Amino acid sequence: MRRLVIAGMAVKGLGNFGGVCAGLAVPLRVKMMGWKAVRGGLATKSNIARRLRSVDSRCSLCGFPEDNELHALLECPFAKRIWECNDIDRSLWAQREPDLWTWLESVLKEGREEAMEEVLTMAWAVWGARNKTIFDTSSPSPSQVVENAWSYLKAFKENQPQVLKQGSTTPRGWRPPNAGCWKLNTDAGKLGDWDRGYVFVIRDCEGDIVTAGTQQQAGALSPEIHEATALLFGIKKA
Ligand SMILES: [Zn+2]
């Protein structure tokens, strides 16, 4: 039996999270944030303190001793004020969770892809608002953060020709490859003015996810080069 490997890293617990994330109908930057978060790659104080001893791991906003991904995105009072402003079912975010894996796994079990799209978009919005508050002089109101996040997701979905089937990680209209072959799908685009991001997912003839991955690089190129680089990235990982 083939072992599922995501971006070169065996993923515990959330076995298919990477593949589910790659197939979600959310903007690329939301997927990238989700991937970074589950891999412990967000620039939280806890993660920075592991690399720089001069940095303490306390939350810059509330002083909690361990500013990890779960705290920053869900449990910090700053984050909670934003979650409380939205219409997402409380069962998906109001429980006390031991870690980020357990939280997202419970979202997948409870609501599957549509709920995950909303939860990840809101987590992305929390992360952006948090950084703006810490590093800028302005702090958006919780209701404004929620409104902007839903507008962003709505606009994205309205411009998507392919909508995911309910309860599936394969897009509507997606055709499986022949038996014995794999199919590669990619997503690529700019992240801000200076960075670009790629997401790829490889499925077998049953539509099951074989592997998936993501990458962020500095430098903005033309859309054609973005797409070609994403394909090359996926082929190299296959
Ligand atoms: Zn905090």
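From the N terminus on, colour the chain by secondary structure and you will read β-α-α-α-α-α-α-α-β-β-β-α. That comes to eight helices and four strands, taken from DSSP as runs of H or I of at least four residues for helices and of E of at least two for strands, numbered from the N terminus. What you have open is a predicted model, in which local features need pLDDT of at least 70, side-chain atom pairs count only at pLDDT 80 or more, and totals for chains, interfaces and linings use all residues. Residues are numbered from 1 along each chain as its sequence is written.

**Stop 1: the whole chain**

Of the 238 residues, 37% count as buried; a residue is buried if 20 or more other C-beta atoms lie within 10 Å of its own, exposed if 12 or fewer, and partly exposed in between, with C-beta atoms placed from the backbone. Contacts are pairs of residues whose C-beta atoms, placed in that way, lie within 7 Å. Among contacts with a separation of 6 or more, 59% join residues 24 or more positions apart.

**Stop 2: the largest nonpolar core**

Now select L73, A79, A123, V126 and F200, the residues with the most contacts inside the largest nonpolar core, which has 51 residues. Such a core is a set of buried Ala, Val, Leu, Ile, Met, Phe, Trp, Tyr and Cys residues joined through C-beta atoms within 7 Å. Elements that each supply at least two residues of this core include α4 (69–75), α6 (100–135), β3 (195–203) and α8 (223–237). Which helix gives the most to this core? It is α6, with 14 residues. The core draws at least three residues from each of domain 1 (1–25 + 165–238) and domain 2 (27–159), bounds that come from an automatic or database domain assignment.

Stay with F200 for a moment. Leaving aside neighbours within four places in sequence, F200 is in contact with A22, L184, N185, T186, A212, G213, A230, F233, G234 and K237.

**Stop 3: helix α2**

Next, pick α2 (28–38). Nine of its 11 residues are buried, so α2 is largely enclosed by the rest of the structure. Look for L28, V30, K31, M32, M33, G34, W35, A37 and V38. After α2 comes G40, whose phi is positive, near 70 degrees.

**Stop 4: the loop around S60**

Finally, select S60, in the loop between α3 (45–51) and α4. Not counting residues up to four places away in sequence, S60 touches K45 and I134. Draw a distance from S60 to K45: their C-alpha atoms are separated by 7.8 Å, although the two are 15 residues apart along the chain.

Definitions and conventions: Contact = placed C-beta atoms within 7 Å.
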